[in-house]
Amino acid sequence: MEEPRALIKQTIDTFQPSGDLDVIRYVNKLLTQTEELRQKHANECKDINKTLENELELAKSSTTSYKSLANDLKGENVHNLEREKLFLSKQLQDSETKLGSLKTELEQLESELAELTSLPVEDELAPDQTILKLQIYRSLGVDVIPDELGNLNKIRVRSTEKNDIHTLSLDENSSKYSQVNHLWDLCS
């Protein structure tokens, strides 16, 4: 008989309920905080609901006052509306006149387009090499500037990266290699 008692006493001594009690206290504290937050949120929602109900009542009362005000001002507004109606009809007439002239212009442009598209395109002629080179140079930002006699003595270089424009003189004293290097430095 002594052995079961000793066993029970030994088992009771190994139990440590303090950790479990701490967990239960923590859970109770969390439940209390959650209930307080829920109650606070419910009160806030009630306050918002009351505010919205008051705004609704105010809006309803202002609509009825606007209706009565509208009846009072009806005679005065009729005169203003008639004046506005005349102004709008004049604007409409002006707009219709402008629309008619724009339609006529559109028809003329369409007929010119049809006439231009009916003209034969000269596909047989190959583009001139000089024209192609000038187009490539222009796309790179290089324009050739002729002098009064038509000689090509200067080049204008536009650099989009530097947002700059330079004029390069084509001297016969300097070599073509140095001129080309200087030109590329200005382009880039």
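Visitor: Which residues of helix α5 are buried?

Guide: In α5, Q179, L183, L186 and C187 are buried. Buried means under 20% relative accessible area, exposed means over 50%, and partly exposed lies in between (1.4 Å probe, protein chains only). This is a predicted model, in which local features need pLDDT of at least 70 and side-chain atom pairs count only at pLDDT 80 or more, while totals for chains, interfaces and linings use all residues. Residues are numbered from 1 along each chain as its sequence is written, and side-chain values use heavy atoms, with hydrogens and water left out.

Visitor: What puts the buried residues of α5 on the same side?

Guide: Q179, L183, L186 and C187 are buried in α5. They cover an arc of only 100° around the axis, which puts them on the same side of α5. The arc is that of the directions from the helix axis to the C-beta atoms.

Visitor: Why does the span of α5 agree with its number of residues?

Guide: The expected span of a helix is 1.5 Å times one less than its number of residues. Helix α5 (residues 176–187) has 12 residues, so it should span 16 Å. Its end C-alpha atoms are 16 Å apart, which agrees.

Visitor: What makes an element a helix or a strand here?

Guide: Both are DSSP runs, numbered from the N terminus: helices are H or I with at least four residues, strands are E with at least two. The protein chain has 5 helices and 3 strands. Their order from the N terminus is α-α-α-α-β-β-β-α.

Visitor: Why are β2 and β3 called paired?

Guide: Two strands pair if DSSP finds at least two bridges between them. Strands β2 (residues 152–159) and β3 (residues 164–169) have 6 bridges and are antiparallel. V157 has H166 as its bridge partner, and S159 has D164. In their hairpin, 4 residues lie between the strands, and N163 takes a positive phi near 55°.

Visitor: How many bridges join β1 to β2?

Guide: Strand β1 (residues 142–146) is joined to β2 by 5 bridges, again in the antiparallel sense. The bridge partner of D143 in β2 is R156. The hairpin of β1 and β2 has 5 residues between the strands, with G150 at a positive phi near 90°.

Visitor: What makes the contact of D143 and R158 a salt bridge?

Guide: A salt bridge is a side-chain nitrogen of Lys or Arg within 4 Å of a carboxyl oxygen of Asp or Glu. D143 and R158 meet at 2.9 Å, N to O, so the pair qualifies. The pair links distant parts of the chain: D143 is in β1 and R158 in β2, 15 residues apart. R138 also forms a salt bridge with D143, at 3.7 Å between the closest N and O atoms. Shared partners join R138, D143 and R158 into one network.

Visitor: Is D143 buried or exposed?

Guide: D143 counts as buried, because its relative accessibility is 16%. R158 is partly exposed, at 34%.

Visitor: Why are R38 and E35 separated by about one helical turn?

Guide: They are 3 residues apart in helix α2. An α-helix has 3.6 residues a turn, so residues three or four places apart point the same way. The side chains of R38 and E35 meet in a salt bridge at 2.8 Å, N to O. R38 counts as partly exposed at 48%, and so does E35 at 40%.
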